[in-house]
Amino acid sequence: MIVVGGCDAGGTKTVVRILQLNEQHHVVATGQAAAGPGNVLVDQAVAVANISEATRLALADAGLAQDARIDQFVAAVAGAGRATQQTAACEAIHSNVRVDRLEVVPDAEVLFEAAEVEYGVALVSGTGSIAWARTREGDLIRAGGLGPLLGDEGSGYWLGVEAVKITAQRLQTFAPRTPLMDSVLAALGVSELADLVTTVYSWSSPRPHFAGLATAVTSNVGSDALADQLLQRAADKLAALVTQAFVSVADRASHERVPWVCAGGLLVNCAPLRSLIAVQTAAAQLDLTPPLLVAAPVDGALKRARARIFDASA
């Protein structure tokens with residue numbers, strides 16, 4: 001039997017899927033499990049622990065021992081955008097997971113496999129934000145992806161922070177309450193400014209909490225001008241990332257539309273945000289396809305792992 005695994009380790013959640021294959025590479029058993037955040041740039045120890053936990057649980061879900069050896073494992077990991085980060089993550093995962101061949105790649109890299117396109121622009125807006133361009137030659141160029149301190153504009157984290165800021169500022173100036181503010185306060189379980197501040201500053205890991213508050217914005221789009229304005233600002237920032245990435249793959253002479261892949265919880269689940277970005281990119285004369293949604297990036301990691309096994313046995 002052959003065991004292959006794929007991992008999507010993002011800023012909020014880590015998902016691992018395991019396949020057990022027979023000698024003809026037909027699937028005979030599957031397993032999937034999830035754990036907490038997997039961004040190695042934010043906290044490598046926590047990320048590796050969550051990748052390891054999700055892998056053990058996925059193996060068990062596939063009917064295998066939790067410490068079963070995996071023949072080929074592809075881990076698409078947030079925060080592993082550079083070779084040194086990939087090497088460090090690979091060594092750390094190897095020390096926790098029994099795997100013969102391990103490949104660590106940036107979390108966005110497998111999106112092209114998941115969308116079944118060979119080149120194009122991949123925009124991710126989940127907990128964080130980044131755009132990737134893959135050229136026809138297979139080269140990867142990144143735009144954004146600088147993390148919560150230096151970037152992540154237009155991400156769920158960014159949107160949540162901005163929503164809380166607006167709510168706090170309006171409470172402090174006794175401005176009228178709006179549906180957006182009510183949603184933020186309800187999500188935090190508070191009603192007063194002092195309690196809001198206390199709650200926010202009590203979070204030891206604030207990033208997932210703020211990202212979760214993005215729904216306070218998206219759920220009020222169309223009924224609250226503040227929410228509309230915030231979503232437009234997010235779209236502006238994400239469209240700028242797409243524009244930066246597009247330059248690397250555009251071939252004006254070919255007249256082909258460039259594939260546009262969309263991933264990340266915020267972008268996949270918020271059609272108004274995608275529409276606003278499309279308006280911006282069209283105005284900039286970027287000839288993109290309609291968005292190709294990737295709801296499960298782990299599919300791309302698993303597809304790559306299976307291809308590696310097939311190549312090794314060919």
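The structure is a predicted model, in which local features need pLDDT of at least 70, side-chain atom pairs count only at pLDDT 80 or more, and totals for chains, interfaces and linings use all residues. Residues are numbered from 1 along each chain as its sequence is written, and side-chain values use heavy atoms, with hydrogens and water left out.

**Exercise 1. Aromatic rings**

Task: Determine how many aromatic pairs the structure holds, and describe their geometry.

Solution. 

Step 1. Rings of Phe, Tyr and Trp (its six-membered ring) pair if their centres lie within 6.5 Å; planes under 30 degrees apart count as stacked, over 60 as edge-to-face and the rest as tilted. By this rule the structure holds 2 aromatic pairs.

Step 2. Tyr-157 and Phe-210 are 5.9 Å apart centre to centre, with 90° between the planes, and form an edge-to-face pair. Tyr-157 lies in helix H5 (residues 156-172) and Phe-210 in helix H8 (residues 206-212), so this pair ties together parts that are 53 residues apart in sequence. Helices (H or I, at least four residues) and strands (E, at least two) are DSSP runs, numbered from the N terminus.

Step 3. Trp-203 and Phe-210 also form an edge-to-face pair, with 5.2 Å centre to centre and 85° between the planes.

Step 4. Buried means under 20% relative accessible area, exposed over 50%, and partly exposed in between (1.4 Å probe, protein chains only). Trp-203 is buried because its relative accessible area is 16%, and Phe-210, at 10%, counts as buried. Tyr-157 is buried as well.

**Exercise 2. Charged side chains**

Task: State how many salt bridges a search of the whole structure finds, and examine the one that Arg-304 forms with Glu-113.

Solution. 

Step 1. A salt bridge is a side-chain nitrogen of Lys or Arg within 4 Å of a carboxyl oxygen of Asp or Glu. The search finds 13 salt bridges.

Step 2. Between Arg-304 and Glu-113 the closest N and O atoms are 2.7 Å apart. Arg-304 lies in helix H13 (residues 298-313) and Glu-113 in helix H3 (residues 111-115), so the pair ties together parts that are 191 residues apart in sequence. Both Arg-304 and Glu-113 are buried.

Task: Describe the two contacts of Arg-136, one with Tyr-119 and one with Glu-256.

Solution. 

Step 1. A charge sits over a ring if NZ of Lys or CZ of Arg is within 6 Å of the ring centre and within 35 degrees of the ring normal. The charged end of Arg-136 sits over the ring of Tyr-119, 4.1 Å from its centre.

Step 2. Arg-136 also forms a salt bridge with Glu-256, where the closest N and O atoms are 3.8 Å apart.

Step 3. Arg-136 counts as partly exposed at 38% relative accessibility, and Glu-256 counts as partly exposed at 44%.

**Exercise 3. Strand S9**

Task: Identify which strands S9 is joined to and which residues cover its faces.

Solution. 

Step 1. Two strands pair if DSSP finds at least two bridges between them. Strand S6 (residues 120-125) and S9 run parallel and are joined by 4 bridges, while 3 bridges join S9 to S10, also in parallel.

Step 2. Val-261 in S9 is the bridge partner of Ala-122, and Leu-292 in S10 is the bridge partner of Val-261.

Step 3. In a regular strand the side chains alternate between the two faces of the sheet. Both faces of S9 are covered: Trp-260 and Cys-262 are buried on one side, and Val-261 and Ala-263 are buried on the other.
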